[in-house]
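Here's a quick walk through the fold you have on screen. Keep the viewer open and follow along.

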Amino acid sequence: DATLGDGVSIQAQRVVESGAEIGSHTVLRPLVFVGRDAKIVAHCLLHPHVAVLDRCVVGHHAVLHSGVVIGADGYGYEMREGVHHKIPQRGIAEIGDRVEIGANSTVDRARYGRTLIGSGTKIDNLVMVAHNVVVGEHSILVAQCGIAGSAVLGHHVTVAAQAGIVGHIEVGDAAVVGAKAGVMRNVPSGK
């Protein structure tokens, strides 16, 4: 009961699960996985070994390179009696329009609600975006940077290679985080 739009190309050894929606003129290259009730809007290109997991959304004209995972569980554990117990991650990950995500990058699903990548954002290879993060429109995330859970980045933000941003902080519009920086507190817009 998946829904396929006009001109969809679904290539060898791929899986499209029940309730998924694949928009018109989207290409799923070999070995792509689209989970239950996931939605991929029109004119997208998913390269080999991409996974868009259950209920996640990918916007118009998105390009996901090999090894991208959209909607893996966020890193959530609770310590009880000396043992780590997994906290269910019940939200989704949503990718905006005209987003491009490089090889082996991950956008985790939210613990609740959604993890959001704004339209026009470009993400390089080996980037980690954690649960409940919001990345504003037209931002740039460069190779091997990582953004911890519930951080909020404004629009037109640049995060350079190997930079790390702690969780639960805000990076303002048009801010630039330099290579290998460790961001531990809020960054005002334009800084």
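## Contacts and what the model is

Of the contacts in the protein with a separation of 6 or more, 13% are accounted for by residues 24 or more positions apart; contact here means heavy atoms within 4.5 Å. This is a predicted model, so to speak of a local feature takes pLDDT of at least 70, side-chain atom pairs count only at pLDDT 80 or more, and totals for chains, interfaces and linings use all residues. Residues are numbered from 1 along each chain as its sequence is written, and side-chain values use heavy atoms, with hydrogens and water left out.

## Overall build

What's it made of in terms of helices and strands? The protein has 0 helices and 29 strands. Both are DSSP runs numbered from the N terminus (helices: H or I, at least four residues; strands: E, at least two). The radius of gyration is 16 Å, close to the 16 Å that the globule rule gives for 191 residues, so the protein is as compact as a globular protein of that length. That radius is taken over C-alpha atoms, and the rule is 2.2 Å times the number of residues to the power 0.38.

Along the principal axes, the C-alpha atoms fill a box of roughly 45 × 45 × 20 Å. Buried residues make up 44% of the 191, where buried means under 20% relative accessible area, exposed over 50% and partly exposed in between (1.4 Å probe, protein chains only). The accessible surface comes to about 9000 Å², and 52% of it belongs to carbon and sulfur atoms. Those areas come from the Shrake-Rupley method with a 1.4 Å probe; for residues, only the protein chains shown count as cover.

Take the open sheet of 9 strands in the order 1-4-7-10-15-18-21-24-27, with parallel pairing. Its edge strands are strand 1 (3-4) and strand 27 (170-171), each pairing on one side only. Strands pair if DSSP finds at least two bridges between them.

Strand 7 (residues 39-40) runs parallel to strand 10, joined by 2 bridges, and I40 stands opposite V58. Strand 10 (residues 57-58) pairs in turn with strand 15 (residues 92-95), parallel again over 2 bridges, with V58 partnered by I95. Then strand 15 pairs with strand 18 (residues 114-117) in the parallel sense over 4 bridges, where A93 has T115 as its bridge partner.

Inside it, strand 17 (residues 106-108) and strand 20 (residues 128-129) pair in the parallel sense over 2 bridges, and T106 sits opposite M128.

Is H131 buried or exposed? At 16% relative accessibility, H131 counts as buried. You'll find H131 in the loop between strand 20 and strand 21 (134-135). Leaving aside neighbours within four places in sequence, H131 contacts residues including Y75, D108, R109, R111 and T115.

L141 lies in strand 22 (residues 140-141) and is buried, with a relative accessible area of 1%. Not counting residues up to four places away in sequence, L141 touches K122, I123, D124, V127, V129, V135, I147, L153 and V159. L141 and H49 are 92 residues apart in sequence and 21 Å apart in space, C-alpha to C-alpha.
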